[in-house]
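I opened this entry to log what I looked up, in the order I looked.

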Amino acid sequence: MRRETKRLRTEVESFFFTEEVPYALAMCRICMPLAMLAMMLPRWAAVRELFSSDGATAPLGIGYGYFDFLPELSGPMAVALYSSMVLAFCATCVGWCTRTSLVIGNVLFTYFCMLDCASTLTKYTVIATHILFILTLSECGSLWSVDAWLSGRKRSHSAAQPNLLRQRFPAWPRRLIQLHIGFVYFGAAMTKMHTPTFFTGDQLQNWMQTHLNFRHPFGEYLSLYPILLVAMAYVSVVWEILFLFLCWKSMWRKFVLPLGILFHFMTLLTLGLLLFPAICYVTYFSFIDEEDVRRCSKWFRRQVRHFTALKSSVRWLNACRDWMGYPIGWQMSSRAAFVFTLVLFSV
């Protein structure tokens with residue numbers, strides 16, 4: 001019994017604390033702000049109306065009896081904070097003052113979402129805030145970022161180089177993102193199992209015949225086939241339950257993840273969901289490990305050897321990297337922080 005407990009503890013520690021190069025976290029850091037900006041940039045022109053005392057806000061706290069839970073700022077102040085949030089997301093995408101940008105962007109994003117529960121606060125915004133919080137605690141800015149360039153580390157982060165030349169960190173942030181999306185799917189399946197109209201196809205048929213989210217090309221057409229809707233309902237629930245148990249490094253991952261990509265793509269075509277699939281696709285990057293990156297790197301090198309255009313592009317990128325060089329010294333990092341603060345307050 002003691003031996004089994006010790007083995008289980010070893011496996012759990014290896015699952016969460018095995019050190020790895022944060023390729024997956026860097027991909028999540030780059031793509032998550034882009035998905036956020038796709039939602040928040042169209043609202044930039046209506047900040048005074050949606051998020052300030054000059055307009056008509058819809059705070060989340062009112063529904064729970066907390067009428068003054070969050071302060072409603074004036075129009076100019078709301079515009080300034082919203083612009084700071086946009087800047088923080090852009091800085092996060094390029095990895096400039098990454099941890100600070102993540103904190104500022106996530107806090108302001110949560111604040112604005114809770115001020116507009118009628119349209120801004122949705123299921124995917126809740127998922128996004130949790131992912132951004134996990135990225136804040138991680139070392140996602142140590143790779144493919146301005147911070148990594150300014151730090152002056154003359155290490156090669158190419159997957160083809162020996163492991164000793166790459167900085168490694170514990171894998172627990174990536175594991176938390178994986179568990180988070182797995183539990184989201186599992187909770188969604190439990191909710192659907194307690195909704196009788198979902199399995200009869202009535203709920204899906206009603207969603208497909210309306211355009212509450214965005215216009216979709218195939219929803220109304222598929223709503224004419226009720227038996228197909230019932231089959232889709234059962235398949236989606238089974239997949240959401242099994243995802244948490246089959247998405248790990250095994251032979252089943254080759255089926256579960258592509259099925260998830262297809263599932264969310266069909267929600268785009270039939271339900272008009274745009275940003276929810278994008279957020280879920282970003283979380284799928286957390287299932288990419290070093291072996292996957294090395295395999296893709298080998299495939300890309302083979303393509304470069306066969307295509308002249310790719311070979312010239314790689315030479316051009318290497319020339320740009322050599323021209324930029326690696327700034328060395330704490331002065332460069334401190335100047336970057338100073339410039340970031342100056343730009344933030346000048347917004």
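My notes on the model follow.

**Overall**

I am working with a predicted model. I checked confidence before anything else. The mean pLDDT of the protein is 83. I also noted that 84% of its residues reach 70 or more. One stretch needs a flag: over residues 154-159 the pLDDT is below 50. Beyond near neighbours in sequence, residues 154-159 still have 21 contacts in the model.

Next I looked up the secondary structure. I found 17 helices and two strands. The protein has 347 residues, and buried residues make up 40% of them. I then looked at contact range. Among contacts with a separation of 6 or more, 76% are between residues 24 or more positions apart.

**Helix pairs**

I describe two packed helices by the angle between their axes and the distance between the axes.

*α2 and α4.* Helix α2 covers residues 23-40. I read an angle of about 150° against α4, with the axes 7 Å apart. Over 145° counts as roughly antiparallel, so α2 is roughly antiparallel to α4. The crossing of α2 and α4 is left-handed. I listed who meets whom. From α2 come Arg 29, Ile 30, Pro 33, Leu 34, Met 36, Leu 37 and Met 40. From α4 come Tyr 82, Met 85, Val 86, Phe 89, Cys 90, Thr 92, Cys 93 and Val 94. I sorted the contact of α2 with α4 by class: 13 nonpolar, one polar and one charged.

*α12 and α13.* Helix α12 spans residues 226-246, and α13 spans residues 253-271. Their axes come within 10 Å and cross at roughly 135°. That angle makes α12 oblique to α13. I logged the crossing of α12 and α13 as left-handed. On the α12 side, the contact uses Ser 236, Trp 239, Glu 240, Phe 243 and Leu 246. On the α13 side I have Arg 253, Val 256, Leu 257, Leu 259, Gly 260, Phe 263 and His 264. The contact of α12 with α13 has seven nonpolar, three polar and two charged residues.

*α13 and α14.* Helix α14 runs over residues 275-284. The axes of α13 and α14 come within 9 Å and cross at roughly 165°. I therefore put α13 down as roughly antiparallel to α14. This crossing of α13 and α14 is left-handed. Helix α13 contributes Leu 257, Gly 260, Ile 261, His 264, Phe 265 and Thr 267. Helix α14 contributes Phe 276, Pro 277, Cys 280, Tyr 281 and Tyr 284.

**Single residues**

*Tyr 284.* I picked this residue out of helix α14. Is Tyr 284 buried or exposed? Its relative accessible area is 8%, under the 20% cut-off, so Tyr 284 is buried. I then asked what Tyr 284 touches, not counting residues up to four places away in sequence. My list is Tyr 185, Trp 239, Phe 243, Leu 257, Gly 260, Ile 261 and His 264. Of these, Trp 239 and Phe 243 belong to the α12 side of the contact with α13. I also checked one C-alpha pair. Tyr 284 and Gln 178 lie 106 residues apart along the chain, with their C-alpha atoms separated by 7.7 Å.

*Val 79.* I found Val 79 in helix α4, which covers residues 75-94. Its relative accessible area is 29%, so Val 79 is partly exposed. Leaving aside neighbours within four places in sequence, Val 79 is in contact with Val 47 and Arg 48. The C-alpha atoms of Val 79 and Ala 45 are separated by 9.1 Å. Those two residues are 34 apart along the chain.

**Backbone checks**

Cys 97 has phi near 50°. I placed Cys 97 in the loop between α4 and α5. At 15% relative accessibility, Cys 97 counts as buried.

Trp 144 has phi near 55°, also positive in a residue other than glycine. I placed Trp 144 in the loop between α6 and α7. Trp 144 is partly exposed, with a relative accessible area of 40%.

Key. Residues are numbered from 1 along each chain as its sequence is written. This is a predicted model: local features need pLDDT of at least 70, side-chain atom pairs count only at pLDDT 80 or more; totals for chains, interfaces and linings use all residues. Side-chain values use heavy atoms; hydrogens and water are left out. Axes are lines fitted to C-alpha atoms, for helices over the stretch in contact, and angles run from 0 to 180 degrees between N-to-C directions. Helices (H or I, at least four residues) and strands (E, at least two) are DSSP runs, numbered from the N terminus. Angles under 35 degrees count as roughly parallel, over 145 as roughly antiparallel, 65 to 115 as roughly perpendicular and the rest as oblique. A crossing is left-handed if the near helix is turned anticlockwise from the far one by less than a right angle, and right-handed if clockwise. Contact means heavy atoms within 4.5 Å. Ala, Val, Leu, Ile, Met, Phe, Trp, Tyr, Cys and Pro count as nonpolar, Asp, Glu, Lys and Arg as charged, and the others, Gly among them, as polar. pLDDT is the predictor's confidence in each residue, from 0 to 100. Buried means under 20% relative accessible area, exposed over 50%, partly exposed in between (1.4 Å probe, protein chains only).
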